[in-house]
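Have the model open while you read.

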Amino acid sequence: GAGAAADRFVVYVGPSEYFRLASLKVQLERAVDMGWNWLLPVSTILLKVMNLLYLALRNYGVAILARHEITDVCRDIPGFDDPQKRVIAATIKDIRVICGYFPNGQAPGSDKFEYKMQWLRGLRDWLREELAAHPRLVLMGDFNIAHTRHDLRNWRTNQRSVGFLPAEREWFAAILGPRTLVDVVRRLHPETDGPYSWWSWMGNAFNNDVGWRIDYHLATPGLA
């Protein structure tokens with residue numbers, strides 16, 4: 001699970017008695033290929049004191065690492081036929097944790113974009129059930145969507161780009177609400193640009209902080 005550090009970690013740390021880490025793109029084999037061999041002993045140490053739950057293909061996956069017992073596990077979106085391993089859910093004590101690696105979509109009008117929208121609709125329907133059953137819930141992961149102009153540096157020139165299309169942003173807005181899910185960062189910093197979590201390799205984007213915020217923590221209001 002710690003091999004996901006080759007790409008990124010998304011971490012949610014709640015009250016002191018909780019610790020859980022949801023990692024995206026579980027790629028331990030790729031990490032070793034890249035020379036990240038130090039991750040192997042780190043992973044071994046972590047797994048001696050933590051509980052690991054993961055769902056992965058050869059090239060990517062999702063995982064939850066928790067100090068407490070992991071129960072009520074759900075892999076994939078129930079009722080949605082999908083060979084790609086993109087979402088996992090579990091309960092840690094009294095908190096429901098859902099970790100997702102959302103589809104990219106590639107290009108408007110493409111088969112991959114249609115798959116993305118179908119996947120998002122399936123996730124939305126399942127989320128309603130999860131929220132009804134779990135009043136304390138966190139949804140975190142790589143959404144591959146910038147929700148508002150504060151989540152994308154060059155938002156004006158990207159309004160026709162996948163990741164910032166109206167249909168994607170409307171889906172995002174529909175799952176948020178004062179009784180459902182709250183964007184934790186936006187609750188604390190409603191008018192601040194960023195923090196960005198993805199940058200292009202081109203144009204010195206990282207050094208200039210010309211990025212996208214596509215990684216999110218959404219939580220029920222009592223947790224946010």
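Before we start, one term: helices and strands here are DSSP runs, a helix having at least four residues and a strand at least two, and they are numbered from the N terminus. Keep in mind, too, that this is a predicted model.

What is the phi of Gln106 near? It's near 65 degrees, which is a positive value in a residue other than glycine. Why point that out? Because most residues other than glycine have a negative phi.

Asn144 is another case, with a positive phi near 55 degrees. You'll find Asn144 in the loop between strand 8 and helix 4. Is Asn144 buried or exposed? Its relative accessibility is 12%, so Asn144 counts as buried, since the cut-off for buried is under 20%.

Now for the peptide bonds. Most of them are trans. Look at Gly194 and Pro195, though: a cis peptide bond joins these two, with omega at about 0 degrees. Pro195 sits in the loop between helix 5 (184-188) and strand 10 (198-199).

On to the rings. A pair of aromatic rings is described by how far apart the centres are and by the angle of the planes. How many aromatic pairs does this model have? The count comes to nine. One of them is Phe143 with Phe172, a stacked pair with 5.3 Å from centre to centre and 25 degrees between the planes. Phe143 is in the loop between strand 8 (137-142) and helix 4 (166-175), while Phe172 is in helix 4 itself, so this pair ties together parts that are 29 residues apart in sequence. Both Phe143 and Phe172 are buried.

Phe172 also pairs with Trp171. Their ring centres are 6.2 Å apart and their planes are at 70 degrees, so this pair is edge-to-face, because planes over 60 degrees apart count that way. Zoom out a bit and you'll see a cluster: ring pairs link Phe102, Trp119, Phe143, Trp171, Phe172 and Tyr216.

Arg86 lies over the face of Tyr101, 5.1 Å from the ring centre. Over the ring of Phe164 you'll find the charged end of Arg169, at 4.1 Å from the centre of that ring.

Notes. Residues numbered from 1 in each chain as written. Predicted model: local features only at pLDDT ≥ 70, side-chain atom pairs only at ≥ 80, totals over all residues. Heavy atoms only, no water. Phe/Tyr/Trp six-rings, centres within 6.5 Å; stacked < 30°, edge-to-face > 60°. Buried < 20%, exposed > 50% of the residue type's maximum accessible area, 1.4 Å probe, protein only. Lys NZ or Arg CZ within 6 Å of the ring centre and 35° of its normal.
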